[in-house]
Amino acid sequence: GLLINGEKQGIDISKTLYGLFFEDINFAADGGLYAEKVINRSFEFEKSLAEGGQLHGYEVVNNAELRICSEDVLNDNNPNYLELKTESVNSGVRNKGFLEGMSFVKGEEYRFSVYVKSDSYKGKIQINLEDRKHNYIGSGYIEGVEGSWSKREILIKAEETVEKGSLSIVIEEAGTIDMDMISLFPVNTYKNRENGLRADMVKLLEELQPSFIRFPGGCIVEGNPLDNAYCWKDTVGDVAQRKQNENLWIGTKDYPYYQTYGIGFYEYFLLCEDLEAKAVPIVNCGMSCQARAAGQTNTLAALSELDHYIQDALDLVEFCRGDASTTWGSVRIGMGHIQPFEIEYLGIGNEQWGEEYFKRYEKFVQVFREKYPDIKLITSSGPLSSGDLFDYAWSEIDSHNEDAINYADLVDEHYYNEPEWFLKNTTRYDDYDRKGTEVFLGEYAAKSNSLKAAISEAAYMTALERNSDVVKMAAYAPLFGNTLSSQWKPDMIWFNNSKVFGSVNYYVQKMFANNIGDYLLESSLMDVKGEGATGKIGVGTWKTAAVFDDMKVTDNETGKVLYENDFSTEASNFEGSSQGFYEIIDDEDGNMVYAQTNASYPTNDAIMGSASYVGDTNWSNYTY
Ligand code: AHR
């Protein structure tokens with residue numbers, strides 16, 4: 001009963017409708033998209049969170065002594081390092097890699113780097129890629145490490161393909177050396193960049209053709225409590241100077257989850273540029289995660305302390321747009337990006353709600369409308385778990401409709417619901433006000449990686465598209481899940497240390513994003529009834545296969561007769577008796593009503609409900 005009203009043009013479909021939400025959850029960054037293979041490379045893991053504490057991920061090779069030191073450090077952001085002392089030859093330390101171990105591909109090169117210092121060690125140090133049984137599958141050497149901190153780097157080729165390997169560092173003579181920032185990357189990262197991203201994982205993102213990327217989260221933006229909120233300034237500049245933070249998605253003692261910030265705001269902006277996606281950074285608004293706030297202290301920055309948070313947001317714009325004369329512009333330029341990064345959107349807070357949030361949001365509005373009026377501000381509205389939160393946000397926004405300044409450009413809505421909810425709520429945005437603030441559906445998913453969930457998302461996405469004059473942007477969430485350890489399911493893309501694959505939900509996103517239209521054709525849904533039709537299918541040769549006589553289709557609501565014609569079929573290009581192209585034609589005006597290729601039977605779902613029959617039949621009183 002879908003009536004396409006001629007070719008009349010409906011709304012323009014938002015060009016930014018389909019994008020991504022990258023959140024550092026489920027090992028999406030460290031141990032995931034970030035191609036670093038060494039876990040706990042700077043010895044900053046903590047005992048309370050990680051089995052083995054600051055030595056988490058390491059083990060002794062051949063009687064070496066391992067000690068964590070914190071005097072004469074590499075830099076203040078990196079306060080621990082490893083002292084390796086051996087009295088026997090060929091002993092050292094092994095790093096086991098993230099989760100189940102390191103993967104290597106035969107013939108590929110790996111870039112090992114480390115900061116070293118030593119009072120007196122004059123020998124060689126052997127660096128080894130190892131298979132599961134610790135056999136060497138590739139080795140190289142560094143030497144001349146005597147003296148104060150210096151960085152060493154070598155390339156090592158893997159002679160075998162290994163999925164659960166490790167890295168060992170073995171000193172050839174007895175002695176003592178200090179090490180920090182032990183690192184191993186494939187040379188073959190995305191675009192072969194140093195400190196790069198996993199090429200196989202970015203490929204799946206690239207194939208989605210996202211129009212935007214929202215980053216870096218999620219609840220990690222908020223922190224739990226405020227102390228460990230994501231601070232973008234800790235995530236740029238030399239990686240050895242980036243200050244590690246525990247991840248709010250804490251993992252387990254066996255699989256603890258930290259943020260080295262090796263992938264940080266510079267890398268996110270670069271990824272947006274590479275994928276030609278608009279950057280949608282989210283900043284903390286002076287509030288920690290409200291969903292986790294019960295019983296916590298330090299969850300809210302006082303209004304008088306908000307300047308610090310607002311300044312962080314302003315400085316982010318300077319980081320993107322500033323030239324070499326500015327503090328943050330020069331950080332970007334120093335990292336190699338002379339041209340500005342595009343920044344058009346800014347999210348204030350992740351999933352915040354209520355009175356305290358809007359008091360803080362308003363302060364950002366006042367400053368940003370004056371300093372950067374072109375930046376679109378995204379307001380948070382909380383999760384949909386209670387409808388009241390959204391209602392509160394929208395009524396708060398509506399109350400500012402008459403203000404001289406634009407209060408909010410987009411509202412960030414989040415919901416994770418059952419597939420049935422998505423099917424029942426396809427009309428959700430039909431009545432949203434078209435004149436004011438638009439919708440950024442920043443996170444949504446039908447709660448499963450099943451075909452049923454994916455189809456319900458697809459149905460819902462047709463409604464997003466139909467309403468994309470008000471729903472301007474939408475992103476499935478979360479993006480990545482590690483198959484061995486994840487804190488949230490479902491996820492769009494699954495990976496381990498060597499493989500990555502899209503869920504069925506991924507392919508729905510891809511199908512929509514890759515085939516986005518320019519505008520809708522006006523259409524309406526009718527409740528119709530067909531009656532009195534007699535069909536003959538498959539009588540005689542296939543080429544004159546079917547005739548439908550006296551077909552009448554009536555609109556049940558108005559009683560209007562929509563079709564009262566003879567229909568006939570034409571079948572052509574059949575190979576054998578059952579494959580080919582089949583179409584049903586309205587005899588009166590010659591228009592094609594229905595067509596099907598590769599039909600094994602000429603089924604008639606489009607006009608007749610479901611019917612697949614060879615021989616005479618009489619379809620009477622079909623309601624569809
Ligand atoms: O995507 C998982 C989480 O869901 C996000 O961190 C948060 O924004 C939401 O509650």
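Visitor: Which residue just after helix 3 takes a positive phi?
Guide: This is a predicted model. Helix 3 covers residues 265-274. Just after helix 3, a positive phi of about 50 degrees turns up, and the residue that takes it is Glu 276.

Visitor: How many of the ten residues of helix 3 are buried?
Guide: A residue counts as buried when 20 or more other C-beta atoms lie within 10 Å of its own. The buried residues of helix 3 include Phe 265, Tyr 268 and Leu 271. Glu 267 is also on that list. Helix 3 is mostly covered, and the count of its buried residues is eight.

Visitor: Which helices are included in what covers the buried residues of helix 3?
Guide: The cover includes both strands and helices. Strand 14 (212-215) and strand 17 (278-283) are among the strands. The helices included are helix 4 (306-321) and helix 5 (327-334).

Visitor: In which sense do strand 23 and strand 24 pair?
Guide: Strand 24 spans residues 493-495. Gly 481 stands opposite Trp 494 in strand 24. Three bridges join strand 23 and strand 24, and the sense is parallel.

Visitor: How many bridges join strand 9 to strand 10, and how many pair strand 9 with strand 12?
Guide: Strand 9 (residues 124-130) is mostly covered, with five of its seven residues buried. Strand 9 runs antiparallel to strand 10 (residues 136-143), and Asn 128 stands opposite Ser 139 there. Strand 12 (residues 162-171) also pairs with strand 9 in the antiparallel sense, and Ser 166 is the bridge partner of Glu 130. The bridges number seven to strand 10 and six to strand 12.

Visitor: Which residue takes a positive phi in the hairpin of strand 9 and strand 10?
Guide: Five residues lie between the two strands of this hairpin. The phi is near 70 degrees, and the residue is His 134.

Visitor: How many charged residues are in the shell around the ligand?
Guide: The ligand is surrounded by 13 residues, and Gly 218, Cys 219, Glu 351, Ala 477 and Pro 478 are the closest. Six of the shell are nonpolar and four are polar. The charged residues number three.

Note on methods
Residues numbered from 1 in each chain as written. Predicted model: local features only at pLDDT ≥ 70, side-chain atom pairs only at ≥ 80, totals over all residues. Near = placed C-beta within 6 Å. Nonpolar A, V, L, I, M, F, W, Y, C, P; charged D, E, K, R; others polar. Pairing = 2+ DSSP bridges. Helix = DSSP H or I, 4+ residues; strand = E, 2+ residues; numbered from the N terminus. Buried ≥ 20, exposed ≤ 12 C-beta atoms within 10 Å, placed from the backbone. Contact = placed C-beta atoms within 7 Å.
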